Amino acid sequence: MKRLVLLVLSLLLASQALAASKELYVYNWSEYMPDSVLEDFTKETGIKVVMSTYDSNEALYAKIKMVDAKGYDLVVPSTDFVSRMRKEGLLQPIDKSKLSNFGNLDPKLLNQSFDPENTYSVPYMWGSTVIAINAKDPDAASITSFADLWKPELKGKILLPNDMRGVLGMGLKRLGYSLNESDPAKVGQACELLMPLMASVRVFDSDSPKQALLNNEVMAAVLWNGEAYIASGENADIKFVYPKEGFSLWVDNLCIPKNAANVENAHIFIDYLLRPEVAAFICQEMGYSSPNLAAKETLPEEVRTNALVYPAPEDMARGEFETDLGQAVKAYEECWMKLKTE
Amino acid sequence: MSSDGFFKRAVIIGAVGWMTVFAFVPNILVFLASFGTTSTENFIEPAATLRNYARLMDRTHLDILLGSLRLSGLVTAICLLTAYPFASILARARKPVRNILLLLVVIPFWTNSLVRTYAMTAMLNSSGIVNNVLMSLGLIDAPLAMMYTPGAVVLGLTYTLLPFMILPLYAALERLDRRYLEAARDLGASPWRAFWRVVVPLTMPGIVSGCMLVFLPAIGMFYVSDVLGGAKAMLLGNFIRDQFLTTRDWPLGAAASVTLTALMGLMLLLYWKSAARLGREAS
């Protein structure tokens, strides 16, 4: 789908990137950065930003590795992929002396094990998985946990992410296991549990799941908090819950590929994104949580206290970060294939 | 004369060069990759193993293949049944009318097929155009669930691929010599029998190439099933894409791709065989 067009486009763009100087090639998640931010940046600096998008870390990683880490100047992998790409030498160190706004970031999200001292990465946004529900539907309105999705009344009314770990994570959490479970037997158990749920799924979508919710195609959707935030802004009936069993958390990070052509421009853009007013604007538009403390202070009351954007501490306690699975990923892939072909 | 020769040579060298660089070499690479092994360091390690093909032979992968073939077969059948009458009307229409109809067949190609697939969601979804019209006419009380169904996938594929069936059929029907038909009728054949025994065999090359042009792309157009079908069914196209982009098992993806190519080759071979047989019978 979108990926196909983007693949072709980005290959074309990648070949041009080498010649330019007043340009910046950004490879970002889809629906993750407002266009107006790019326009304002170009107006101020004269640097033209060309953005292409992906919808999974795997796609980003495969692409960067394939093009030998050149062609793009800025990418936004999640933590587990930062650590993998860093170890494989696909990233280059970020010069913090060029980032005057680095101090705005929440120290709690810095200097983590996936990238000590943040040598290669600067947090962009963080977020979580939630269940969004359409309160008009009585069967959906009572949902508080992943387990509720198995109710027969919800058959044909459910959206799940088109993402292996997103779906398997639900089964693992229901069984009380970690999202990063490496025991194939336990992954198999989660797989068995998930099998009957597949008949209830109306659609798998990680690109723009809010659409199916807003079009009344589904009454309950497992999606990222930013998607739920935008959907609830457009339709007041759309509510959300942080699943009782636990849920996934992630941090996405700005990184510069090893062989990027416009390294200087990438630093200028990162520093621009770290400005409190810019970070606050992005946070309000996209509905994901900003790691920028100075930005959080400038947010309007209703956004700062919105539990979708900034989960309450008692909800946060149930969140878990996804980490690199290593060889254990085989069991996940086997199960995902089974779920999709039954 | 000499400039004409130069031009001819330039065109031929250009076309052959293009095909070599962008079709032949990539296919050879995929073919070689299908005998390789995966590694965590690189996407692929050179090897000479048939393991990837053996891995393709399990139950799940065969289910994916059969599901894809069934879907493509259905789409091809629907395209053939709707395109054949249309193509015969087209072939018999007066010239100005025919040109307009041909233009209408071609116009959708001016828009990218992915964009047209997204446009179909606006038609089919619960608050979409079709449901709104039907509800305002009072024909239905609640919106029909048309999106994210197998029917929506079949509709989307049929819509996208129909012109590929119409054009070869039109070419075959337009060349059809009407005198054969008259002769058949004069010799006492019913219209149905004349159609079945004269028109269909004579337009067989058009039917076969139309079916090929629909059947094969239908297997690979994974985005239609993703967008309209809700990504519920894993088709061969999705499977190959996932091996390359998500699970990074290039050798397995390459093996699946080579198998698909071999399948297509086999079908072409069957077609040539049957065309040659038809040719012999005719003479």
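Chain B has 13 helices and 0 strands. The model is predicted. Read from the N terminus, the elements of chain B run α-α-α-α-α-α-α-α-α-α-α-α-α. The C-alpha trace of chain B spans about 70 × 70 × 45 Å along its principal axes. Chain B holds 283 residues, and 29% of them count as buried. Contacts between residues at least 6 apart in sequence were also examined for chain B. Of these, 70% join residues at least 24 apart.

Two helix pairs of chain B are described here. Helix α3 of chain B covers residues 59-92, and helix α10 of chain B covers residues 204-220. Their axes come within 9 Å and cross at roughly 140°. An angle over 145 degrees would count as roughly antiparallel. On the α3(B) side, the contact is made by S68(B), L71(B), S72(B), V75(B), T76(B), C79(B), L80(B) and A83(B). On the α10(B) side, the residues are I207(B), G210(B), C211(B), V214(B), F215(B), A218(B) and I219(B). By class, this contact of α3(B) with α10(B) divides into 11 nonpolar and 4 polar residues, with no charged ones.

The second pair is α5(B) with α11(B). Helix α5 of chain B spans residues 113-124, and helix α11 of chain B spans residues 222-229. The two pack at an angle of about 20°, with axes 9 Å apart. Angles under 35 degrees count as roughly parallel. The helices α5(B) and α11(B) are therefore roughly parallel to each other. The crossing of α5(B) past α11(B) is right-handed. From α5(B), the residues in contact are L114(B), T117(B), Y118(B), M120(B) and T121(B). They meet Y223(B), V224(B), V227(B) and L228(B) of α11(B). The contact of α5(B) with α11(B) has 7 nonpolar and 2 polar residues, and no charged ones.

One backbone feature of chain B concerns Y148(B). Most residues other than glycine have a negative phi. Y148(B) is not a glycine, yet its phi is positive, at about 60°. This residue lies in the loop between α6 (129-136) and α7 (150-175) of chain B. A residue is buried if 20 or more other C-beta atoms lie within 10 Å of its own. Y148(B) has 27 C-beta neighbours inside 10 Å, so Y148(B) counts as buried.

The phi of N216(A), a residue other than glycine, is near 60°. N216(A) sits in the loop between α8 (210-214) and β8 (220-224) of chain A. Around N216(A), 18 other C-beta atoms lie within 10 Å, so N216(A) is partly exposed.

In chain A, helix α6 (residues 164-174) packs on helix α7 (residues 184-194) at an angle of about 100°. Their axes are 8 Å apart. Angles of 65 to 115 degrees count as roughly perpendicular. The helices α6(A) and α7(A) are therefore roughly perpendicular to each other. V167(A), L168(A), M170(A), G171(A), L172(A) and R174(A) represent α6(A) in the contact. Their partners in α7(A) are V187(A), A190(A), C191(A), L193(A) and L194(A). By class, the contact of α6(A) with α7(A) has 9 nonpolar, 1 polar and 1 charged residues.

The domain assignment of chain A gives domain 1 (2-126 + 251-304) and domain 2 (127-249 + 312-341). Their centres, taken over C-alpha atoms, are 27 Å apart. Domain 1 of chain A brings 15 residues to the contact, and domain 2 of chain A brings 14. On the domain 1 side, α4 (79-87) and β5 (122-134) of chain A are the elements that give two or more residues. The most come from α4(A), with 4 residues. That side of domain 1 of chain A divides into 4 nonpolar, 6 polar and 5 charged residues.

The two chains also meet. In this contact, 22 residues of chain A touch 22 residues of chain B. On the chain A side, α1 (2-17), α3 (57-66), β7 (201-204) and α15 (329-341) each supply at least two residues. The largest share, 5 residues, comes from α15(A). By class, the side of chain A that touches chain B has 9 nonpolar, 5 polar and 8 charged residues.

Key
Residues numbered from 1 in each chain as written. Chains lettered and ligands numbered in written order. Predicted model: local features only at pLDDT ≥ 70, side-chain atom pairs only at ≥ 80, totals over all residues. Axes fitted to C-alpha atoms, helices over the stretch in contact; angles between N-to-C directions. Left-handed = near helix turned anticlockwise from the far one by under 90°. Contact = placed C-beta atoms within 7 Å. Nonpolar A, V, L, I, M, F, W, Y, C, P; charged D, E, K, R; others polar. Domains from an automatic or database assignment. Buried ≥ 20, exposed ≤ 12 C-beta atoms within 10 Å, placed from the backbone.
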